[in-house]
Amino acid sequence: MTPKVTGFFDDATNTISYVVQDPQGSACAIVDSVLDFDYASGRTDTRSADAIIAFVKGNGLDVQWLLETHVHADHLSAAPYLQDALGGKIGIGDRIQVVQDTFGKVFNEGTEFQRDGSQFDKLFVESDSFHIGQMRADVLHTPGHTPACLTYVIGDAAFVGDTLFMPDFGTARCDFPGGSSEQLFDSVQKILALPDETRIFVGHDYKAPGRDEFAWETTVGEQKARNVHVGADASKDSFVEMRDARDATLAMPKLIIPSLQVNMRAGQMPPADEDGKVFLKVPVNGL
Ligand SMILES: [Fe+2]
């Protein structure tokens, strides 16, 4: 089964959102959508999500799932906005509960913030499978970047989120709370155990030395042969040493503070105050 996959690149956050279509029907899923957010003004915008809505409507597609590979730290999810416009169920990994517990504390959320994943329609675990029209989707739990990261294998296409990036860029950082370079290495081995011809669709692209174009599609075979961090039989020890040293030099993503507060709520803003106003918090020296 070869689903039709269309990528939507967001320049502001280097995120790729995907529409995955059943080649034999109208069913589709949307993976890792983006709600535009200008931190300086505190304003949201829906132009990225509206481009996906136009594509879905223009092609007469039926959205069955809004899939999140993880709680993103660099962009806000547009899943609830897309759900209102197009339908579909919002799914994420069941380890979201760990992420909600961690960031519930960081943001000093009250007891009204549920840490049981109930904001999402479906919590997936390792080896779950489901259908999008005639397409079978299999769930791999691939932690390391975050505890709740999933890879969705839909037909011959794997949506790996922030585990592997393009072969010339390598892998994702593992220094967020609950991250682990050792776990990421093991998760990557799970993905590389898929058939060589499996198409891999990555969650972000930042170009790479010698490459001037953004790219987001590769294969398991290419990753095994050429990934600069984990290809050519790289050892776990050398990977962990490289990853941890590199992560120590990285700045926090610009939108981490708003992203976490929104994405741990399945893309909803925090509840409005008594005047109907919505605020996001900034923990001072708390992250
Ligand atoms: Fe991420």
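Is Phe37 buried or exposed in this structure? Phe37 is buried, because its relative accessible area is 14%. Here, buried means under 20% relative accessible area, exposed means over 50%, and partly exposed is in between, using a 1.4 Å probe and protein chains only.

Before we go further, a word on the model. It is a predicted model, in which local features need pLDDT of at least 70 and side-chain atom pairs count only at pLDDT 80 or more, while totals for chains, interfaces and linings use all residues. Residues are numbered from 1 along each chain as its sequence is written, and side-chain values use heavy atoms, with hydrogens and water left out.

## Aromatic rings

A pair of aromatic rings is described by the distance of the centres and the angle of the planes. Rings of Phe, Tyr and Trp (its six-membered ring) pair if their centres lie within 6.5 Å; planes under 30 degrees apart count as stacked, over 60 as edge-to-face and the rest as tilted. A search of the whole structure turns up 16 aromatic pairs. In one of them, the ring centres of Phe37 and Tyr39 are 6.0 Å apart with planes at 45°, so this pair is tilted. Tyr39 is partly exposed, since its relative accessible area is 36%.

How are the rings of Phe165 and Tyr206 arranged, and what is that pair called? Their centres are 5.9 Å apart and their planes stand at 80°, so the pair is edge-to-face. This pair links distant parts of the chain, 41 residues apart: Phe165 sits in the loop between β12 (157–161) and α4, and Tyr206 in the loop between β13 (199–202) and β14 (217–219). (The helices, H or I with at least four residues, and the strands, E with at least two, are DSSP runs numbered from the N terminus.) Phe165 is buried, with a relative accessible area of 5%, whereas Tyr206 is partly exposed at 34%.

Some rings gather in a group: Trp65, Phe124, Phe130 and Tyr152 form one aromatic cluster.

## Salt bridges

Side chains of opposite charge can pair when their charged atoms come close. A salt bridge here is a side-chain nitrogen of Lys or Arg within 4 Å of a carboxyl oxygen of Asp or Glu. By this rule the structure has 14 salt bridges. The table shows some examples.

| Side chains | N to O distance |
|---|---|
| Arg47 and Asp45 | 3.3 Å |
| Lys236 and Asp186 | 3.1 Å |
| Asp205 and Arg211 | 2.9 Å |

What do the surroundings of these partners look like? Arg47 is exposed, with a relative accessible area of 53%, while Asp45 is partly exposed at 34%. In the salt bridge between Lys236 and Asp186, Lys236 lies in helix α6 and Asp186 in helix α4, so the pair ties together parts that are 50 residues apart in sequence. Lys236 is partly exposed, with 28% relative accessibility, and Asp186 also counts as partly exposed, at 40%. Asp205 and Arg211, by contrast, are both buried.

## A negative patch

Which residues gather in a patch of negative charge on the surface? They are Glu182, Asp237, Glu241 and Asp244. Patches are made of residues with over 30% relative accessible area and no salt bridge, with like charges joined within 9 Å and nonpolar side chains (Val, Leu, Ile, Met, Phe, Trp, Tyr) within 5 Å. Helix α6 (residues 236–247) contributes the most to this patch, with three residues. Glu182 belongs to helix α4 (residues 181–192), and Glu182 is partly exposed, with a relative accessible area of 46%.

Ala232 is exposed, with a relative accessible area of 58%. Asp233 is placed in the loop between α5 and α6 too, and has a positive phi of about 60° although it is not a glycine. At 77% relative accessibility, Asp233 counts as exposed.

Finally, look at Gly221, which lies in helix α5. Gly221 is partly exposed, with a relative accessible area of 22%. The C-alpha atoms of Gly221 and Ala193 are separated by 9.8 Å, and these residues are 28 residues apart along the chain.

Key:
Accessible areas come from the Shrake-Rupley method with a 1.4 Å probe; for residues, only the protein chains shown count as cover. Lys and Arg count as positive and Asp and Glu as negative; His and the chain ends are not counted. The place of a charge is taken as NZ of Lys, CZ of Arg, CG of Asp or CD of Glu.
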